[in-house]
Amino acid sequence: MDWIVAPDPDGRALRDVLPSMLAAMGVDRYTDTIGIPPCRNALVLLIDGLGHELLRAHESDAPFLASLQHSPPLTAGFPTTTVTSITSLATGRCAGEHGLVGYTFAEPGGGLLHPLSWTARSAPTGADGERASLMEQWPPEQVQPNTTVLERAVAAGVDVRTAVPPHFEGSGLTRASLRGGSFRGVRELGDLAAELLDAADSPGPTLCYGYHGGVDLLGHIHGPGSIQWRMQLRQIDAFVQMVAEQLPPGVVLGVVADHGMVDLDPAASIDADSDPALLDGVRLLGGEVRVRHVYTHPGARDDVLAAWRDTIGERGAVITREQAIDEGYFGPVSAAVSPRIGDVLAILRTTGVIRSVVEPGESKLRGHHGSLTAAEQLVPVLVTGG
């Protein structure tokens, strides 16, 4: 499986960005493993979906961002999906420690938690059921109980701010991952620029996290590399250049991503909802198109493993939970987190596993991520200022 790019355990991963920024700001007990210039204030902008390979392939659409490629890329972690990566960034921990192990994963009530909405899907393998909120039954602070880097920074006297869309305020993912500091709702790029530059002008020490989701959104809908995606990339490139040119001395801007993306033809994907062999013995099917958590009925794991391996073949890797943990894909895995990982994991290389009945919207998308290919795993770390 030489196509698999495993997460880096030695300090050049997405989870190391905020600790490195705090170290560069002179905050005690943090170490810079990435190479951030000494600074008074630090701004971190996450561009959702802008993988290292995508940026390299489209440098002409993003000349300013491309000019900042002075360091090797980071690994995002596993799975390469937004909820997992943002939580790794914000906690400084791997998925096996923070517990948000995928786009959807098993929750104690017997369903699948969808962390972006913090709801549970009630129908395990058949038609899509109603989604019920789990904010009270399985609170975000219980699912992810570790102190975040943002909380620790606040305790150390840093002015911490999160500049993200207004509807993120009080959401399950925000409560689980981005606890700490002050919430700054931003609607458009003008709002985001103003918040970043306001933090830059602060007496400090100030750490501001900002988020942009447009590149990821258009990549999902039209495919990465499409004309719509490229035009969005051009906009965010001009935006970053505008912010960078107004940075005062002593302020660093770091641009990162949570994952890359690959373009898949939905018609060429494997449809679990039309292949009974893939659902026989399965009690829950979580994850997303490029990586599936397969939860089996008691005693059915080996048969399920064999069926999935027969179907996927050379188009991916189908392994057990124990194999994934032994390979270090999730990092150290706590006893509380282990049951959230599928009994069987399908990690796709050249295709995806869609669910045309249960996930009709996701199944029609062009752009996907979640797997361990270089296109999905490697993310840029672009630093300017100081």
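**Aromatic pairs and the rest**

Modeller: Let's start with Phe-105. Its relative accessibility is 0%, so Phe-105 counts as buried. Keep in mind that this is a predicted model.

Biologist: Which ring does Phe-105 pair with, and how many aromatic pairs are there?

Modeller: The structure holds four aromatic pairs. In one of them, Phe-105 and Trp-138 have ring centres 6.3 Å apart and planes at 70°, so the pair is edge-to-face. Phe-105 sits in strand S3, and Trp-138 in the loop between strand S6 and helix H6, so the pair ties together parts 33 residues apart in sequence.

Biologist: And Trp-138, buried or exposed?

Modeller: Buried, because its relative accessible area is 7%, under the 20% cut-off.

Biologist: What about Phe-168 and Tyr-211, how are their rings arranged?

Modeller: Tilted, because the planes are at 55°, with centres 5.7 Å apart. Phe-168 is in the loop between strand S7 and helix H8, while Tyr-211 is in strand S9, so this pair ties together parts 43 residues apart in sequence.

Biologist: How exposed is each ring residue, Phe-168 and Tyr-211?

Modeller: Phe-168 has 21% relative accessibility, so it counts as partly exposed. Tyr-211 has 13% and so counts as buried.

Biologist: Which residues form an aromatic cluster?

Modeller: Phe-78, Tyr-329 and Phe-330 form one.

Biologist: Switching to helix H1. How many of its residues are buried?

Modeller: Eight of the eight, residues 17-24, so H1 is largely enclosed by the rest of the structure. Among them are Val-17, Leu-18, Met-21 and Leu-22.

Biologist: What do the buried residues of H1 pack against?

Modeller: Strands S1, S2, S9 and S10, plus helices H4 and H7. Tyr-211, from the tilted pair, lies in S9.

Biologist: What follows H1?

Modeller: Gly-26, with a positive phi near 85°.

Biologist: Zoom out. What's the secondary structure count for the chain?

Modeller: 16 helices and 20 strands.

Biologist: How does its radius of gyration fit a compact globule?

Modeller: It agrees, because a compact globule of 386 residues would be near 21 Å and the chain has 20 Å. The C-alpha trace spans about 60 × 40 × 35 Å along its principal axes. Buried residues make up 61% of the chain.

Biologist: Last one, surface and charge. What are the numbers?

Modeller: The chain exposes about 14300 Å², with carbon and sulfur atoms supplying 51% of it. There are 28 positive and 46 negative charges, and their mean positions are 1 Å apart.

Methods
Residues are numbered from 1 along each chain as its sequence is written. This is a predicted model: local features need pLDDT of at least 70, side-chain atom pairs count only at pLDDT 80 or more; totals for chains, interfaces and linings use all residues. Side-chain values use heavy atoms; hydrogens and water are left out. Helices (H or I, at least four residues) and strands (E, at least two) are DSSP runs, numbered from the N terminus. The radius of gyration is taken over C-alpha atoms; the globule rule is 2.2 Å times the number of residues to the power 0.38. Buried means under 20% relative accessible area, exposed over 50%, partly exposed in between (1.4 Å probe, protein chains only). Accessible areas come from the Shrake-Rupley method with a 1.4 Å probe; for residues, only the protein chains shown count as cover. Lys and Arg count as positive and Asp and Glu as negative; His and the chain ends are not counted. The place of a charge is taken as NZ of Lys, CZ of Arg, CG of Asp or CD of Glu. Contact means heavy atoms within 4.5 Å. Rings of Phe, Tyr and Trp (its six-membered ring) pair if their centres lie within 6.5 Å; planes under 30 degrees apart count as stacked, over 60 as edge-to-face and the rest as tilted.
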